[in-house]
Amino acid sequence: MNMTTNLAIFALIAWSLQIILGWFQIRRFNRAFLSMKKGTYLGIGRSQTQRFKPKVLIALSLDHDKKVIDSVWMKGVTVFALPKSIPQLYGLNITDIMPETIFPNDIASQSALILALKANK
């Protein structure tokens, strides 16, 4: 086997591994999203960041009074990012949520939170 064949095989293995690990990441987020307490509104926001910077996904569930009853936050560059909750948001009305105070040093999370809230503000 020559160098070109080895490189092609390595690229194919890396690409396949990326697909499999990406599938597991999407599955983890979907499980966290489906286990959220269901309210009258489920909003999802995704950050608009540059390449090689952490991407952020935020999902919010609001009750009929537009208060946050559950949340999922996922941030990372790699497929190993895990979904977490945002406890600072629980019980807050969407008009009281200021993304700059929830994520003071994280512009990507701020933009994802703004998008998750946008349809209901």
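This is a predicted model: local features need pLDDT of at least 70, side-chain atom pairs count only at pLDDT 80 or more; totals for chains, interfaces and linings use all residues.

Biologist: Where is Asn93 placed?

Modeller: Asn93 is in the loop between strand E3 (68–76) and helix H2 (99–102). Beyond its neighbours within four places in sequence, Asn93 is in contact with Asp65, Lys66 and Lys67.

Biologist: Why is Asn93 called buried?

Modeller: Buried means under 20% relative accessible area. Asn93 has 18%, so the label applies.

Biologist: And why does Asn30 count as partly exposed?

Modeller: Asn30, which is found in helix H1, has 38% relative accessibility.

Biologist: How far is Asn30 from Leu12?

Modeller: They are 18 residues apart in sequence, and their C-alpha atoms are 27 Å apart in space.

Biologist: What makes Met1 exposed?

Modeller: Exposed requires over 50%. Met1 reaches 78%, so it is exposed. Met1 lies in the segment before H1 and, leaving aside neighbours within four places in sequence, is in contact with Asn6 and Ile9.

Biologist: Let's turn to the sheet. How do you know that E1 and E2 pair?

Modeller: Pairing needs at least two bridges. E1 and strand E2 (residues 55–62) have 6 bridges in the antiparallel sense, so they qualify. For Gly45, the bridge partner in E2 is Ile58.

Biologist: What is the order of the strands in the open sheet?

Modeller: The order of the 3 strands is E1-E2-E3, with antiparallel pairing.

Biologist: Why are E1 and E3 said to stand at the edges?

Modeller: Strand E1 (41–46) and E3 each have a single partner strand, so one side of each is left without a neighbour in the sheet. From one strand to the next, the twist averages 10°.

Biologist: Which helices go with the sheet?

Modeller: Helix H1 (residues 3–34) lies across E1, E2 and E3, running at about 170° to E3. Helix H3 (residues 107–118) packs on the sheet too, touching E1, E2 and E3, and its direction makes about 35° with that of E2.

How values were computed
Residues are numbered from 1 along each chain as its sequence is written. Side-chain values use heavy atoms; hydrogens and water are left out. Helices (H or I, at least four residues) and strands (E, at least two) are DSSP runs, numbered from the N terminus. Buried means under 20% relative accessible area, exposed over 50%, partly exposed in between (1.4 Å probe, protein chains only). Contact means heavy atoms within 4.5 Å. Axes are lines fitted to C-alpha atoms, for helices over the stretch in contact, and angles run from 0 to 180 degrees between N-to-C directions.
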